Structures are given as structure tokens and as C-alpha cells.
Amino acid sequence: MEEDTQVPPASAPKDITLAEDGDVILILRGRRFRVSSGVLSGASPVFKSMLGPNFLEGQAPRSAEHPKEITLEDGFSLELLLALMHHFDLDRLRNLDPYPNADNPLNVACIAGAFDKYCCTPSLGMTIEALLRRSAQDAMLRDDNPAGRFTIYAYSAASAYLIGSRSVFAEATRCMVLDGLIPFSEIARGIRCGNMWDRLPVSVLLGLEEQRTAARNAFISSFSATTDRGCLNPRCSSTSESTTFPKEMKRILKDWPPLWTTASLRSVLHDMHGAGDIALGDKASCHHSTQLEIDRDTVKRGKMQSGCEHKKELRTRAPHRAFD
């Protein structure tokens, strides 16, 4: 992403020490980061292989007095990841780094991308998860715009997916389904939320779209099913749509069915929760009532006729039974 490859300004410090006894100097974006090879190897199998005997970077001798310099084509996402590896205070790093919002959801997503690239250990993922929760909460307090909040959810879901945090992923995607207005296909094509498509698989985004569509349809069908009015005739099982329900729903939601391009699932449910009683109209006789009365009389006459024939047959057989 563009935010991850910016060149730091000339005023940015050129040398940052993350480990006082570090035996490796990583050169990123023209800046030198003094780090410990032991910490790198313990946190990432990729760094462990790079600093091992099978790669050129690991074959040269290195020590705290003569650290090995290695240049990597990574942006500030790796810089922040290195700080987390060495338990470096991010507030202190923000004072050194030209990016004051180093832990906003966008940058945390960049860190998660570096975490995935270097196959870091789950313990480091827990640290990123805590950072992700804090950054998302702070961003939500600062941004009341639904589009901005959806972007926060999207980056949080991508970060959780990359670091393997099921709980954060479930929370973020749930909010995306409830509060999202834009099609998930636009994210999959890179139209919205930057390069989110290269962090969340298309199958995940389309699965979220399917869930949201199913939830919207279930909302409409459930209300429509519970508001059908029955016939006054207790023997009639037919139902008809309420004549007052659509008017009541338009009074509450302005549109019925809801216009999902301007109303989210959460907002619709919130309006319905505070709507109070909804008038559904009175029951009325349906066009089947007269036919039911005719059918009932026919059934009565059939039973009486059947009963009479049965009694006649019994009277006919009765004398014969006396001689048995």
C-alpha cells in the first residue's frame, strides 16, 4: 500500500536503537534499526532462516561491536513490527517516527501484513490483537461517519484475518454486515477501502455479502409473516396481508421494504425497537366463508343420512340375532 512505502522526511531520525546489544542493523527506507538477531529468530522463522547458515546474510560474522547490516525493501509496517518484537514503546516510537498515528487501524493492518509475510509466532499476534482493539476503539470514538466506521471495521477484519484472531474477526465482520451500506464486491475489486482486496480473500468478502443479503431477506420475510391477518371464521385457515402494516412501516422507516443503499441493518433494527405498538388492522371475513358454511351443511346431511341407513340395517338384522 502507498502508506507503507512513503519515504520519511529529512527531519526523521536515521538511526533507531531497538536493542542496545543488537548484532544486526536493518536498513529500511534509508533508516537504520539496530535489532537483536536472537529476537528476530525467535519471533519469525523467516528471519531465523535468513540469519542462518544457508543464507548470505547469516554467514557473515556479527556481534554487538560489529553488527551485520541488511537492507530490506519494506516500509514502516516492518519498522512497527520490529518495535513490537523488541517490546519497544510505541508511544516513544511515535515521537521518533514522522507518522503520529502509527497505531490507527490502517497502520495496524499494515503491521498485520508484515506479520503474515514474515510468518511471526502466535505470541506476537496476541500483542498485535491488543493493539488492534485499542486502535479500533479510539478510531470509533473519533469518527461518527458510517462510511468511516465501515472502513475501520474492514481494516480490523483484515488485520484479524492475517494474525489469526477469530474473536476480533467475528466482531469486525459482524459490524460490517450490520452497519455496511456499500456492496462487498466493491471492496473485492479494490474500489473501496484501498487495497483491501489483497488482504481479505474474495471468497471471504463474497461470503459476507451473502450473509448480509440473507439477514436482510430474513428481516423482511419475518415481519411480513407475523403481520398477516386471519379470517373471522375459525374454520378458515386462509390469511391476508395487513392493510395498515405497510403504512405503519413507512411511518417508522420511511421506506418499506427498507432502502438498503441508505439504511443499514442496525439502523433499521434500532428504529423498529423504538417504534412501539404497530397497528395491524382488524380481522375480516374472507371470500371462503360462504363456501365453508355450504360445505359444513353438506357434511351434516351426509352424516345424518349415513346414520339413518345404519340404523335401518341394524333393525333388519336384529330378528336373526335372536335365534343365534
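Modeller: Gladly! This is a predicted model, where local features need pLDDT of at least 70, side-chain atom pairs count only at pLDDT 80 or more, and totals for chains, interfaces and linings use all residues. Residues are numbered from 1 along each chain as its sequence is written, and side-chain values use heavy atoms, with hydrogens and water left out.

Biologist: How many disulfides are there?

Modeller: A disulfide is a covalent bond between the sulfur atoms of two cysteines. The test is a pair of cysteine sulfur atoms within 2.5 Å, and the count here is zero. For cysteine 120, the closest cysteine sulfur is that of cysteine 119, at 7.7 Å, so a bond is ruled out by distance.

Biologist: Is cysteine 120 buried or exposed?

Modeller: Buried means under 20% relative accessible area, exposed over 50%, and partly exposed in between (1.4 Å probe, protein chains only). Cysteine 120 is buried at 9%, while cysteine 119 is partly exposed at 45%.

Biologist: And which residues touch the most other members of the largest nonpolar core?

Modeller: In soluble globular proteins, nonpolar side chains tend to be buried together. A nonpolar core is a set of buried Ala, Val, Leu, Ile, Met, Phe, Trp, Tyr and Cys residues joined through side-chain atoms within 4.5 Å. The largest has 38 residues, and Leu26, Phe47, Leu72, Leu81, Leu82 and Met85 touch the most other members.

Biologist: What is methionine 85 in contact with?

Modeller: Counting contact as heavy atoms within 4.5 Å, and leaving aside neighbours within four places in sequence, the partners of methionine 85 include Val39, Phe47, Cys120 and Leu124. A second, separate core of 34 residues includes Ala136 and Leu253.
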